[in-house]
Amino acid sequence: MSKKFYLTTAIAYTSAKPHIGNTYEAILADSIARFKKKQGYDVFLQTGTDEHGQKIEEKALKAGKSPKEFVDGVAAEIKRLWDMVGVSYDKFIRTTDDYHEKQIQKIFEKLYKQGDIYKGSYEGWYCTPCESFWTESQLVDGKCPDCGRPVKKAQEEAYFFKMSKYADRLMKYYDEHPEFILPLSRKNEMVNNFLKPGLQDLCVSRSSFKWGIPVTFDTKHVVYVWLDALSNYITGIGYDADGNSTAQFDKLWPADLHVIGKDIIRFHTIYWPIFLMALGLPLPKQVYGHGWLLQDGGKMSKSKGNVIYADDLVKFFGRDAVRYYVLTAMPQGSDGLISWESVIEKVNADLANVLGNLVNRTVAMSNKYFGGKVEDKGVAEAVDADLKAVAISACAKAEKYMETYCVSDALEEIFNLFRRANKYIDETAPWVLAKDETKADRLATVLYNLTESIVIGLSLLYPFMPETAEKGAANFGLPLRDFDKLSVFGNFKETKVKETPEILFARLDPKVVMEQVDAMHAERAAKEQKAESTVKESKPMINIEDFEKIQLKVALVTACEKVEKSKKLLKLTLKLGDETRTVVSGIAQHYSPEDLIGKKLVIVANLKPAKLCGIESQGMIVCAENAEGKIAFLSPEKDIEDGSEIF
Ligand code: ME8
């Protein structure tokens with residue numbers, strides 16, 4: 001039976017559509033999962049969404065939606081993006097899933113009952129976006145040490161987890177498992193910055209907002225979002241706090257690998273292992289903290305319309321080009337840069353010039369010289385040896401790099417093979433051999449060697465660029481191979497290439513592509529501006545009592561004139577039944593007095609009088625305004641007496 005390999009991504013916040021940086025992580029985890037599968041592991045990949053917390057509650061409110069409605073939308077978007085870039089997940093968990101919420105409540109109860117969680121009160125500095133409390137000494141320049149944003153003083157009654165109780169055991173685990181945190185440099189950071197100074201007890205409940213999983217025995221409190229989120233790694237595969245976990249859980253836990261970003265290593269290598277110790281569960285084998293993908297040439301900003309999203313990139317370059325770019329952008333653990341220009345450059349340099357060209361040329365030559373047939377005629381020459389050596393060692397080298405998830409190095413190794421094959425074409429000059437009939441068998445051998453090298457390379461490329469590998473191999477009429485078949489050269493006897501091969505990557509004209517990208521950004525910025533102005537108008541929900549406080553009435557305009565010294569104001573005389581009122585309104589740029597005299601409109605009749613340009617205004621005219629600032633006053637749909645109430 002093959003060995004299991006359970007790996008996870010971090011679960012993405014559903015506060016906004018994820019940019020290419022978040023998407024990178026899902027692509028990375030997917031590549032590792034596919035690589036392990038090709039090595040013969042029984043792989044399970046879990047990903048998902050982190051849907052609770054104050055930030056999400058606030059975002060939903062701003063968007064005029066309920067939190068659940070809001071997260072449903074973003075979670076669907078995340079799933080769509082993951083599917084679009086080819087993430088082959090086995091499980092997509094949402095922290096609003098019923099089974100998860102139920103287990104979080106049970107976990108909280110269990111930890112409380114056994115005394116690891118206790119009730120206390122907290123005063124500290126709170127960072128809303130990070131949902132983290134900090135002590136004075138932890139702040140950096142008075143700001144949040146994680147994100148650098150301002151913090152506010154806050155105090156709440158809260159439940160705490162006794163972190164310090166487990167610190168020694170955790171340190172021991174680090175010592176006994178030197179490979180637990182990758183890259184290794186991150187381990188020192190955790191030990192020196194957090195464990196050595198002594199672990200503080202961790203606040204694991206919140207009562208300042210509602211959007212979370214309620215603590216069953218004290219429903220003013222919701223469970224701290226990190227305890228909720230981290231536990232997804234066990235609830236998603238069937239953990240049960242009462243001891244009735246599923247067979248799947250027993251098979252998969254402990255996780256073999258958590259793939260996460262560098263900013264959340266502390267949560268995964270300190271809090272998470274300690275929660276697990278408290279639950280009496282084994283610890284994950286490895287946590288890999290990748291670097292960040294940053295936008296070249298300035299921060300991504302919605303108002304500039306220049307945030308880079310995976311779906312836009314896929315539209316322009318295709319799924320695999322995007323996967324290739326992000327996977328090679330970051331040498332292990334460090335940050336990388338992305339810009340539209342650099343993606344175009346890489347597509348041209350590596351994918352079109354090296355890989356696309358190699359496949360295309362080789363297929364074309366087999367068609368031209370042998371009617372598409374490829375077979376080894378056994379006429380070897382010294383120059384073949386190096387190509388074969390590079391081809392049969394590529395797998396072992398890539399596997400070595402992948403042991404520590406050095407994905408960009410593994411890809412470099414694979415592309416070295418493609419580069420070597422291109423060089424082999426120059427060295428052997430098939431077009432010269434073709435001119436000499438006595439060299440026909442040598443020419444056939446050269447094309448066989450090229451085809452075999454390419455298929456080895458494509459088989460190794462599969463985990464990173466699955467579609468390209470499959471399409472490429474299909475051009476040669478050959479299947480992709482499992483890794484245990486890659487260390488031998490000469491795995492097929494003969495084949496027939498496609499008459500018209502599918503082009504894997506064509507060269508892009510940077511100028512043309514950038515014009516299209518700029519047009520897309522301009523259009524999006526305009527749309528977002530418009531949407532923002534509509535969202536600005538969205539106000540929090542009110543109840544009927546709030547609405548009843550406002551008295552709206554129908555009024556007849558009996559006189560109207562411009563207010564001297566003002567471009568914007570009109571002075572209207574209004575009749576409301578027996579009553580006469582003066583109202584000053586800022587609609588002079590939209591209506592002239594003649595447009596209004598004799599019209600019936602709606603006013604807020606119980607607004608406190610206010611002086612405008614020295615005239616007392618006794619109410620306000622109700623108007624509609626669109627995104628471009630066009631204005632229209634409201635009138636009763638059929639004639640009705642002035643003074644009538646609106647309800
Ligand atoms: O942190 N480049 O969610 P998240 C690369 N919900 N990776 C990046 C990145 C970038 N520019 N920006 C973010 C959370 N990431 C929590 C996780 S897990 C129990 C809870 C990474 O949506 C980030 O480091 O902010 C994290 O690993 C993942 O994307 C999701 O980030």
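Author: Two strands pair if DSSP finds at least two bridges between them. Helices (H or I, at least four residues) and strands (E, at least two) are DSSP runs, numbered from the N terminus. This is a predicted model: local features need pLDDT of at least 70, side-chain atom pairs count only at pLDDT 80 or more, and totals for chains, interfaces and linings use all residues. Residues are numbered from 1 along each chain as its sequence is written, and side-chain values use heavy atoms, with hydrogens and water left out.

Start with strand E12. Three bridges tie strand E1 (residues 4–9) to E12, and the two run parallel. Within that pairing, Thr-9 sits opposite Val-259 of E12. Strand E13 (residues 287–290) is also joined to E12, by four bridges, again in parallel. Here His-258 has Val-287 of E13 as its bridge partner.

Five of the five residues of E12 are buried, so the rest of the structure largely encloses this strand. Buried means under 20% relative accessible area, exposed over 50%, and partly exposed in between (1.4 Å probe, protein chains only). Leu-257, Val-259 and Gly-261 point one way from E12. His-258 and Ile-260 point the other way. Both sets are buried.

Now the atoms. An N or O atom in the side chain of Asp-263 is 2.5 Å from an oxygen atom of the ligand. A polar backbone atom of Leu-293 is 2.9 Å from a ligand nitrogen. For Gly-21, a polar backbone atom is 3.3 Å from a nitrogen atom of the ligand. Alone, the ligand exposes 660 Å², and the protein buries 92% of that (Shrake-Rupley method, 1.4 Å probe).

Next, compare strand E21, residues 600–604. Five of its five residues are buried too. Lys-600, Val-602 and Val-604 point one way, Leu-601 and Ile-603 the other. Its pairings are antiparallel: five bridges to strand E18 (residues 552–562), and two to strand E24 (residues 620–621). Val-604 takes part in both. Leu-552 stands opposite Val-604, and Met-620 of E24 is a bridge partner of Val-604.

Elsewhere lies an open sheet of four strands, paired antiparallel in the order E6-E5-E7-E9. Strand E6 (132–134) and strand E9 (202–203) are at the edges with a single partner strand each, so one side of each has no neighbour in the sheet. Strand E5 (residues 117–127) and strand E7 (residues 152–161) share ten bridges. Tyr-122 is partnered there with Glu-156 in E7.

Last, the cysteines. The whole structure has zero disulfides (a disulfide is a pair of cysteine sulfur atoms within 2.5 Å). For Cys-406, the nearest cysteine sulfur is that of Cys-395, 16 Å away. Cys-406 is buried, at 10% relative accessible area. Cys-623 is partly exposed, at 29%. Its sulfur is 12 Å from the closest cysteine sulfur, in Cys-560, which is too far for a bond.

Terms used. Polar contact = N/O pair within 3.5 Å; in protein donor to acceptor, adjacent residues only side chain to side chain.
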